[in-house]
Amino acid sequence: MDNKPRLWLFLLPLGIFLAAVVFLFKGLYSDPSKLESALIGQPVPTFTLQDLYEPETRHDASIFKGKPMLLNVWATWCPTCYAEHTYLNKLAADGVYIVGLNYKDDREKAIRWLTDLGNPYQVSLYDKDGMLGLDLGVYGAPETYLIDSQGVIQYRHVGDVNDHVWQQTLLPIFKDLK
Amino acid sequence: MRIITLLLISLMSSAGLAAIQVYEFDSQEQEVLYQQLTKELRCPKCQNQNIADSNAPLAQDLRQKAYELVKEGKNREQVVDYMAARFGNFVTYDPPMTPATIFLWLGPLFFVLGGLAVLVFRTRKNAALAEKPVMDPAEQARLERILNGDKD
């Protein structure tokens, strides 16, 4: 019988311990309110929605084709949307093409908001019942989607778009969109 | 006193009514399915509440959508797939087996098998010890001599 201490037998619990440490440590800094979008790599869902300004004008998913663009989900009842609005105006002034989706809101209030604060959107969709929002998996406004010229969703950002988020996260992806 | 009681009752009833949406179903099965779905679908906005318990506007929308789908005759799996296609597997409290969740199924098995392996290993070791003579032949002979009363 060899009674030589076997090194791996002593290292095994240490290994398991270290794996648990790494796993739990990562858990400390993960945000459970951030969800992966189920729609990354998929085309924007089909829809027919009224224009915010002109109820007779209808838009469908074809407006997302032709060039890379942002889809911004917003509402007047959403304080964070107010916070990010100035930055969206700046992006629009810089030539970024942004489609606005007014989500579960009141048409008059929404138009007044855009009149007062400026309108960064090339197209404004009016989603009264939140049905396109539901198809997109929107769980909290504001949300911003990066969409390539084929109309395929490449990234979703939940929360406000500010200089830090744009420079660090969104712009690098947006620049690479085809 | 009676007025206060009446006032209290009216307050209670209005509060109760506000939280309840009335849905009409075609059959008992549909109603049972709807109840089951609202219990096992998770509200994406709120942390750890199912859509039956949550009063968030999003949970109301999801209840409405679940109701419509059930009413259309969709089964449980179809409704869950519909929600998961939009909100990801987070939306169900009964997540499917994927590479990311495989440990949930195999982890316990791994520990049981590990425990069994340790058990088998130790039993074998003990059995081997029991079979092996404790003393070598010379010592054994000496012991027998002592036991038989012989002197060294």
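This is a predicted model: local features need pLDDT of at least 70, side-chain atom pairs count only at pLDDT 80 or more; totals for chains, interfaces and linings use all residues.
A crossing of two helices is called right-handed if the near helix is turned clockwise from the far one by less than a right angle.

**Chain A overall**

Chain A has five helices and seven strands. Read from the N terminus, the order is α-β-β-β-α-β-α-β-α-β-β-α. Its radius of gyration is 22 Å, well over the 16 Å that the globule rule gives for 178 residues, so chain A is more spread out than a compact globule. A few more values for the chain:

| Property of chain A | Value |
|---|---|
| Span of the C-alpha trace along the principal axes | about 90 × 30 × 30 Å |
| Share of the 178 residues that count as buried | 32% |
| Share joining residues at least 24 apart, among contacts between residues at least 6 apart in sequence | 74% |

**Where A meets B**

On the chain A side, eleven residues are in contact with twelve residues of chain B.

**A helix pair in chain B**

Now for the crossing. Helix α3 of chain B (residues 57-71) packs with helix α4 of chain B (residues 76-87) at about 140°, and their axes are 10 Å apart. Angles over 145 degrees would count as roughly antiparallel, so at this angle α3(B) is oblique to α4(B). The crossing of the two is right-handed.

Which residues in α3(B) and α4(B) meet? From α3(B) come B:Leu62, B:Ala66, B:Leu69 and B:Val70, and they meet B:Val79, B:Tyr82 and B:Met83 of α4(B). By class, that makes seven nonpolar residues, with no polar and no charged ones.

Key. Residues are numbered from 1 along each chain as its sequence is written. Chains are lettered from A and ligands numbered from 1 in the order in which they are written. Two residues are in contact if their C-beta atoms, placed from the backbone, lie within 7 Å. Axes are lines fitted to C-alpha atoms, for helices over the stretch in contact, and angles run from 0 to 180 degrees between N-to-C directions. Helices (H or I, at least four residues) and strands (E, at least two) are DSSP runs, numbered from the N terminus. Angles under 35 degrees count as roughly parallel, over 145 as roughly antiparallel, 65 to 115 as roughly perpendicular and the rest as oblique. Ala, Val, Leu, Ile, Met, Phe, Trp, Tyr, Cys and Pro count as nonpolar, Asp, Glu, Lys and Arg as charged, and the others, Gly among them, as polar. The radius of gyration is taken over C-alpha atoms; the globule rule is 2.2 Å times the number of residues to the power 0.38. A residue is buried if 20 or more other C-beta atoms lie within 10 Å of its own, exposed if 12 or fewer, and partly exposed in between; C-beta atoms are placed from the backbone.
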